Amino acid sequence: ASGAELGTDVHPMIVGSDGILYIGNGNDVASFDGATGANVTFNPSAVDVPEGFTISAFTKTADYIIIFAYKSAGVTGTSYFRTDAKAFFWDTNRHPDTYTYEFDLDDNYVNAGFKWDGVIGCFTQGRGTDATARTSALRLFDGDKFTVAAVFNDNIPRHGGVEVADNMLHW
């Protein structure tokens, strides 16, 4: 396997319940299976999220890998532009070729996905009450949608920037 097959985007990673390493690569999720094949198996596009989205973070449950991505086409890297952020739930066992569910996060940018006490969450940023606000939010999945649990005016953590310790969420 060659890292040359990956693009220049940030590459969040997660090991799935199946023991395979999954790597965000633009709108693709690449997979690296070190236990299969003579020289391991690398798939540069195990699953895709819609064109124009960039994968920024992952988390997982027993049944799903949750892919967090934001619409990046035409955006210069700031959350001040109106875009879309989404969470894609992917069941790698029952639906290996496509994500299973898609949830709109009602914000411009998403990062730092996590699982806290069995609840999936993430941080989003960008849609404030006025043009100069950089409102950030902590969002938790209630089984139906991601709801805002807290709002703050600061930058959000990046993938890997959230830790759960003593049943407390730290970032």
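Both Tyr64 and Phe89 are buried, where buried means under 20% relative accessible area, exposed means over 50%, and partly exposed is anything in between (1.4 Å probe, protein chains only). This is a predicted model, in which local features need pLDDT of at least 70, side-chain atom pairs count only at pLDDT 80 or more, and totals for chains, interfaces and linings use all residues. Residues are numbered from 1 along each chain as its sequence is written, and side-chain values use heavy atoms, with hydrogens and water left out.

**The chain as a whole**

- The chain has 14 strands and 0 helices; both kinds of element are DSSP runs numbered from the N terminus, with helices (H or I) needing at least four residues and strands (E) at least two.
- Read from the N terminus on, the elements go β-β-β-β-β-β-β-β-β-β-β-β-β-β.
- How much of the chain is buried? Of its 171 residues, 44% count as buried.
- Take the contacts (heavy atoms within 4.5 Å) with a separation of 6 or more: residues 24 or more positions apart account for 43% of them.

**Aromatic rings**

- A pair of aromatic rings is described by two things, the distance of the centres and the angle of the planes.
- Rings of Phe, Tyr and Trp (its six-membered ring) pair if their centres lie within 6.5 Å; planes under 30 degrees apart count as stacked, over 60 as edge-to-face, and the rest as tilted.
- How many aromatic pairs does the structure hold? There are 17 of them.
- In one of these pairs, the ring centres of Tyr64 and Phe89 are 5.8 Å apart and the planes sit at 65°, so this pair is edge-to-face.
- That pair links distant parts of the chain: Tyr64 is in the loop between strand S5 (53-60) and strand S6 (65-71), while Phe89 is in strand S7 (residues 85-90), 25 residues apart.
- Phe89 also pairs edge-to-face with Phe103, at 5.2 Å centre to centre and with 70° between the planes.
- Since Phe89 lies in strand S7 and Phe103 in strand S8 (residues 101-104), this pair ties together parts that are 14 residues apart in sequence.
- Phe89 and Phe103 are both buried.
- Ring pairs join Tyr64, Phe68, Phe89, Tyr101, Phe103, Phe141 and Phe146 into a cluster.

**The sheet S1 to S4**

- Here 4 strands make an open sheet in the order S1-S2-S3-S4, with antiparallel pairing; two strands pair if DSSP finds at least two bridges between them.
- Which strands are at the edges? Strand S1 (13-15) and strand S4 (41-48) are the edge strands, and each pairs on one side only.
- From one strand to the next, the twist averages 25°; axes are lines fitted to C-alpha atoms (for helices over the stretch in contact), and angles run from 0 to 180 degrees between N-to-C directions.
- Strand S3 (residues 28-33) and S4 run antiparallel and are joined by 5 bridges.
- Phe32 has Phe42 in S4 as its bridge partner.

**The sheet S9 to S12**

- Another open sheet of 4 strands has the order S9-S10-S11-S12, and its pairing is antiparallel.
- Its edge strands are strand S9 (109-116) and strand S12 (146-152), each pairing on one side only.
- Neighbouring strands in this sheet are turned by 25° against each other on average, direction ignored.
- S9 pairs with strand S10 (residues 119-125) in the antiparallel sense over 6 bridges.
- Opposite Trp116 stands Val119 in S10.

**A closer look at Thr54**

- Thr54 lies in strand S5 and, at 9% relative accessibility, counts as buried.
- The side chains of Thr54 and Ser72 are joined by a polar contact of 2.6 Å; that means a pair of N or O atoms within 3.5 Å where, within protein, one must be able to donate a hydrogen and the other to accept it, and residues adjacent in sequence count only if both atoms are side-chain atoms.
- Leaving aside neighbours within four places in sequence, Thr54 is in contact with Asp9, Gly26, Phe68, Ala69, Tyr70 and Ser72.

- Most residues other than glycine have a negative phi.
- Asp106 is not a glycine, yet has a positive phi of about 50°.
- Asp106 lies in the loop between S8 and S9 and counts as partly exposed at 46% relative accessibility.
- Ala112 has a positive phi too, near 55°.
- Buried or exposed? Ala112, found in strand S9, counts as buried at 0% relative accessibility.
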